[in-house]
Structures are given as structure tokens and as C-alpha cells.
Amino acid sequence: MKPFAYTRVTEERAAIQTVASNQQAKFIAGGTNLLDLMKEGVTQPSQLVDITRLPLTLIEVISDGVRIGAMAKNSDVANNQLIKERYPLLSEAFLAGASPQLRNMASVGGNLLQRTRCYYFYDTSMPCNKRQPGSGCAAIEGYNRIHAILGASDKCIATHPSDMCVALAALDATIRVQGANGIRTIPIAEFHRLPGDTPEIDTVLQQGELIVSVDLPDSPFARRSHYLKVRDRASYAFALVSVAAALDIDNGTIKAARIAMGGVAHKPWRSLEAEKILVGAKPNEETFKAAATAIVQQAKPQKYNKFKVEMAKRAIVRALTTVGEMV
């Protein structure tokens, strides 16, 4: 790990100004991902700006939903009564991720900024366009079992690792960020980027912009939602495929639906086409299979992850069936 400067701040303005003035500076909160990247030599910031003392931990009701401070710990959000009652899908997703120790350290803002767990990204002896633009993508010709089947490019086939973000995608969350020019809001669907020709750029954040909160709109899905995570072992493993599913059912008909997936793309993958198939239909196996087929129709698997196509279809049907049977 290369030497770096360390600065602790207690005001948002100071944090933003410090990072905005140094292109090689990064914010650090829990550090559960950033420190790993630094130890492996994947990222080498010249300065870390510690934001753990910023007053951004509140979870509170706002006029049209609930606001979660960016510094709120993952475990605190998962176990918060307000979240469990109004957004149980999010609580489930948090509890499916990492380990209790990591959830006690990791922050909501940091979770949004997680980087891929692609083996080739972490191995600095291998080419990786995300780590070193223009060097190539070793995963395309390599062992690509965990990689993307949707939304990838010939520059990068990595997947986004967050469970939380998949739930946020299904819940239509909005990310509030503070920069030198004030607050701006970013829909979760626009926050993360697909790789295209610039896979090294993960989000639409500008240098110096600080995530201050995640806003969740009022939701009709509290009664019927489920986060399903398919992985190699029961805990402390990233998703091969995950599904955040939610239905609003009235008199035997689906009034509204949400489906988002993890483990299949460079960002949380929300399928509006599948949701359109569900709305107005009966909550049965035929409907759920039609939605699942629509989601994977554009899948382009690699040599070692073709199994993900069928796994994704089955996971979608299973998650929707679980939700449809909820009382």
C-alpha cells in the first residue's frame, strides 16, 4: 500500500472541498471495500478524507417516504423498525449481504459505491479495462463463471456486487448528493453505469460529490416483497443471481410489480418489460414464467456462465411465487 494523507472532517463543506480539489482523493467511511482495494494495489489514492463524523446517520420519515442518511450502518438500517415495516425488501437484502461484522462497519453510501468483485479486477498482474483502461478484459477469455449475462460490453463483463442496490432499484430509490454547486438528486436507475467503452467509470458522481442520503418513496409493496439470493454458500458470498421482487395484488390481479436483479449485470438490473407483463395479469406460474423469459431474452452469456440464464429464470419465478403466496 502506497503512503497517503489522512484528513478527518466534521463538516460536509470541508469534505467536499478537500476531495474536489484533489483528483486523487477519496472519501472513506467504513472502508470495507476501499481498504481492500488499496491493499491489493487496485486503487491508490493520495489522500483519504474521513467522513465518519458527519451527521448523516438518521433514518427518518419525510413528506413522501423515508430518508436514510448515507452514514447509517447497514446493520442499523436492516434492523430499523421503520424499514422493516415499510420496506422489508430492503431489510432482507441487507441481511443477505456480507457478514454481521461487515454490516456493522459498512455504510449505506459506501454500499452504493462498491466496486466489482471480478477476480481479474483484483489481480493487478492481469489486464482489466476497469482497473487500467485500454489494457483489455481478461475475464472475456478467462474463467467467467461469476460474470454478467446482461448489459455487458466487449470492454467489461463484470457484475455489480451489492445486495442493497438491487433492493433500492426495485423500490425506486433516489440518491441525494452534495457537491460544490449544491444538492442534486439522482434516481437509482441512473446512478450506476453500464460498462460501454468506459467501464472504469462506475457511477455518474463527479469528483468531490458526497452522497448524503437515500430517499425511499412511499411504497405499496410492504405486504408482498422478497429478496432471493442464489450463491455458492449460505453466507458471506456474493450472488450468482439475486432477485428483488414485489407485487401489489388486489382481487386476484397484479396492480403493480417490481423486479430487479443482481449478479447478472454491471449495475442492478431492473426489467420494466417484465413488470409490464405482470401488471394486469393473474399471479400464477404462467405469468411468472412469461416475465422471467422476458428478462433473460437479451442475455449474452460467456463460456462458463451459461447456467446463469436458466438460474435467473428459475430464481425470478421462485421469488415471484413466494411473493404471490404472501398474505
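A: Let us begin with exposure: a residue is buried under 20% relative accessible area, exposed over 50%, and partly exposed in between, with a 1.4 Å probe and protein chains only. By this rule Arg-314 is exposed, because its relative accessible area is 59%. Glu-310 is partly exposed, with 37%. The model is predicted: local features need pLDDT of at least 70, side-chain atom pairs count only at pLDDT 80 or more, and totals for chains, interfaces and linings use all residues. Residues are numbered from 1 along each chain as its sequence is written, and side-chain values use heavy atoms, leaving out hydrogens and water.

Q: How many salt bridges does a search of the whole structure find?

A: Side chains of opposite charge can pair when their charged atoms come close. A salt bridge is a side-chain nitrogen of Lys or Arg within 4 Å of a carboxyl oxygen of Asp or Glu. The search of the whole structure finds 15 salt bridges. One of them joins Glu-310 to Arg-314, with the closest N and O atoms 3.0 Å apart.

Q: In which helix do Glu-310 and Arg-314 lie?

A: Helices (H or I, at least four residues) and strands (E, at least two) are DSSP runs, numbered from the N terminus. Both residues lie in helix α14 (residues 307-324), four residues apart, which is about one turn of the helix.

Q: Which residue forms a salt bridge with Arg-115, and are the two buried or exposed?

A: The partner of Arg-115 is Asp-202, and their closest N and O atoms are 2.6 Å apart. This pair links distant parts of the chain, 87 residues apart: Arg-115 is in the loop between α7 (108-112) and α8 (119-122), and Asp-202 is in the loop between α11 (188-191) and β8 (210-217). Both Arg-115 and Asp-202 are buried.

Q: What does the salt bridge of Glu-209 and Arg-184 tie together?

A: In this pair the closest N and O atoms are 2.8 Å apart. Glu-209 lies in the loop between α11 and β8 and Arg-184 in strand β7, so the bridge ties together parts that are 25 residues apart in sequence. Glu-209 counts as buried because its relative accessibility is 13%, whereas Arg-184, at 30%, is partly exposed. Salt bridges may also form a network, as they do among Asp-172, Arg-258, Arg-270 and Glu-275.

Q: How many bridges pair strand β6 with strand β7?

A: Two strands pair if DSSP finds at least two bridges between them. Strands β6 (residues 174-179) and β7 (residues 182-187) pair in the antiparallel sense over six bridges. Thr-174 has Pro-187 in β7 as its bridge partner, and a hairpin of two residues joins β6 to β7.

Q: In what order do the four strands of the open sheet run?

A: The order is β9-β10-β11-β12, with antiparallel pairing. At the edges stand β9 (225-230) and β12 (269-270), each of which pairs on one side only. Strand β11 (residues 253-262) and β12 run antiparallel and are joined by two bridges; Met-261 stands opposite Trp-269 in β12.

Q: Which residues form the nonpolar patch on the surface?

A: Patches are made of residues with over 30% relative accessible area and no salt bridge, like charges being joined within 9 Å and nonpolar side chains (Val, Leu, Ile, Met, Phe, Trp, Tyr) within 5 Å. Accessible areas come from the Shrake-Rupley method with a 1.4 Å probe, and for residues only the protein chains shown count as cover. Met-1, Phe-4 and Tyr-6 form the patch, with about 330 Å² of accessible area together. Tyr-6 is in strand β1 (residues 5-8) and counts as partly exposed, at 45% relative accessibility.
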